[in-house]
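Open the model in your viewer and keep the selection panel at hand.

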Amino acid sequence: MLKSEKEAAETIGETVFRRIRQDIISGALPPGSKIRLEQTKERYSVSVSTLREILSRLTTENLVIAEGQRGFEVSPASRQELLELADLRMLLESHAIGLSFAAGDLDWEARIVAAHHKLSAIERQLLEGDASRTVDWVRYDWEFHQALVSACNSETLMATLSSVFDRFLRYHLLAESFRGKPVVDDHRRLFELAMKRDVAGARDILTRHVRNGTEHVLKSGRIR
């Protein structure tokens with residue numbers, strides 16, 4: 001394969017990887033559903049060999065389960081995994097907050113201000129009943145939390161936290177409901193505490209934020 005052809009194939013593979021990953025997180029590919037290679041390759045316009053590589057990558061994040069000769073399936077959702085992801089998110093994000101708050105500069109503060117402004121705008125619309133903005137909220141929620149820890153100076157920590165955050169987020173999307181004003185209040189307090197470099201206060205709010213979110217998902221009755 002020529003270099004340009006190889007690069008094009010890799011670009012297509014990355015694009016499809018992100019699409020399938022997002023479809024799993026959003027619930028478009030439901031937990032426990034079989035991933036039939038022939039049907040899936042048509043859906044995403046990709047070869048079977050590339051699809052196998054993508055699904056194998058997704059097994060490393062526990063978003064897909066390889067079933068040997070029987071193929072692949074989307075990882076099931078369970079109460080136990082949700083609780084484990086919540087604990088892991090609190091551990092990683094709390095650690096990253098400490099590093100980031102200590103090293104953050106003016107550019108870091110500007111990223112937080114911008115991210116919180118966008119998140120707040122979407123949350124106001126959701127509180128007014130515009131459920132169509134949920135997809136935007138998902139993106140801006142992560143961008144805000146990412147901005148808070150973006151000065152931690154650890155690509156490995158950021159990548160690991162991003163994966164855990166997305167897997168945790170999948171449960172919220174399965175619950176199909178926005179938690180409302182308590183979430184907005186948590187984000188406002190996290191913003192204020194970041195500007196003050198209050199690590200202990202931010203960690204306390206984050207812990208409450210994640211635990212309340214977990215309880216909200218479990219109360220939805222959609223996770224067994």
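Start with H116. Select it, then show what surrounds it. Leaving aside neighbours within four places in sequence, H116 is in contact with F144, H187, R188 and F191. One caution before moving on: this is a predicted model.

**Stop 1: H116 and helix α5**

Now select residues 106–127. This is helix α5, and H116 is found in it. Is H116 buried or exposed? Its relative accessible area is 12%, so H116 is buried, the cut-off being under 20%.

Check the helix from end to end. At 1.5 Å a residue, the 22 residues of α5 should span 32 Å. The end C-alpha atoms of α5 are 31 Å apart, which agrees.

Next, colour the buried residues of α5. They are W108, I112, A115, H116, L119, S120, I122, E123 and L126. Several of these follow a simple rule of helix geometry. An α-helix has 3.6 residues a turn, so residues three or four places apart point the same way. What do the buried residues of α5 pack against? Show α4, α6 (134–149) and α8 (181–196): these are the partners.

**Stop 2: the loop between α6 and α7**

Select A151, which lies in the loop between α6 and α7. A151 has 7% relative accessibility and counts as buried. Not counting residues up to four places away in sequence, A151 touches L99, S100, A103, G104, W108 and R111. A151 and F101 are 50 residues apart along the chain, yet their C-alpha atoms are separated by 7.3 Å.

Stay in this loop and pick N153. N153 counts as exposed, at 68% relative accessibility. Look at its backbone too. The phi of N153 is near 60 degrees, a positive value in a residue other than glycine.

**Stop 3: helix α7**

Select residues 155–175 for helix α7. Its 21 residues should span 30 Å at 1.5 Å a residue. The end C-alpha atoms of α7 are 31 Å apart, which agrees. How many of the residues of α7 are buried? The count is 16 of 21, so the helix is mostly covered, taking buried as under 20% relative accessible area.

Pick D166, a residue of α7. D166 counts as buried, at 14% relative accessibility. D166 and Q22 are 144 residues apart along the chain, and their C-alpha atoms are separated by 8.9 Å.

Step just past the end of α7 to E176. There the chain takes a positive phi of about 60 degrees.

**Stop 4: where α4 meets α7**

The crossing of α4 and α7 is left-handed. Show side chains on both helices. From α4, the contact is made by E81, L82, L85, A86, L88, R89, L92, E93, H95, A96 and L99. From α7, the residues are L157, T160, L161, V164, F165, R167, F168, R170 and Y171. By class, this contact has 13 nonpolar, two polar and five charged residues.

Zoom in on A96, found in helix α4. At 0% relative accessibility, A96 counts as buried. Leaving aside neighbours within four places in sequence, A96 is in contact with V149, C152 and L157. For a contrast in position, select P182. A96 and P182 are 86 residues apart in sequence and 23 Å apart in space, C-alpha to C-alpha.

**Stop 5: the sheet**

Switch to cartoon view. Three strands form an open sheet in the order β1-β3-β2, with antiparallel pairing. The edge strands are β1 (34–35) and β2 (64–66), and each pairs on one side only. Select residues 72–74 for strand β3, which pairs with β1 over two bridges in the antiparallel sense. Which residue of β3 does I35 face? I35 stands opposite F72.

**Last stop: R197**

Finish at R197, in the loop between α8 and α9 (199–219). R197 counts as partly exposed, at 29% relative accessibility. The phi of R197 is near 60 degrees, a positive value in a residue other than glycine.

Terms used: Residues are numbered from 1 along each chain as its sequence is written. This is a predicted model: local features need pLDDT of at least 70, side-chain atom pairs count only at pLDDT 80 or more; totals for chains, interfaces and linings use all residues. Side-chain values use heavy atoms; hydrogens and water are left out. Helices (H or I, at least four residues) and strands (E, at least two) are DSSP runs, numbered from the N terminus. The expected span of a helix is 1.5 Å times one less than its number of residues. Buried means under 20% relative accessible area, exposed over 50%, partly exposed in between (1.4 Å probe, protein chains only). Two strands pair if DSSP finds at least two bridges between them. Contact means heavy atoms within 4.5 Å. A crossing is left-handed if the near helix is turned anticlockwise from the far one by less than a right angle, and right-handed if clockwise. Ala, Val, Leu, Ile, Met, Phe, Trp, Tyr, Cys and Pro count as nonpolar, Asp, Glu, Lys and Arg as charged, and the others, Gly among them, as polar.
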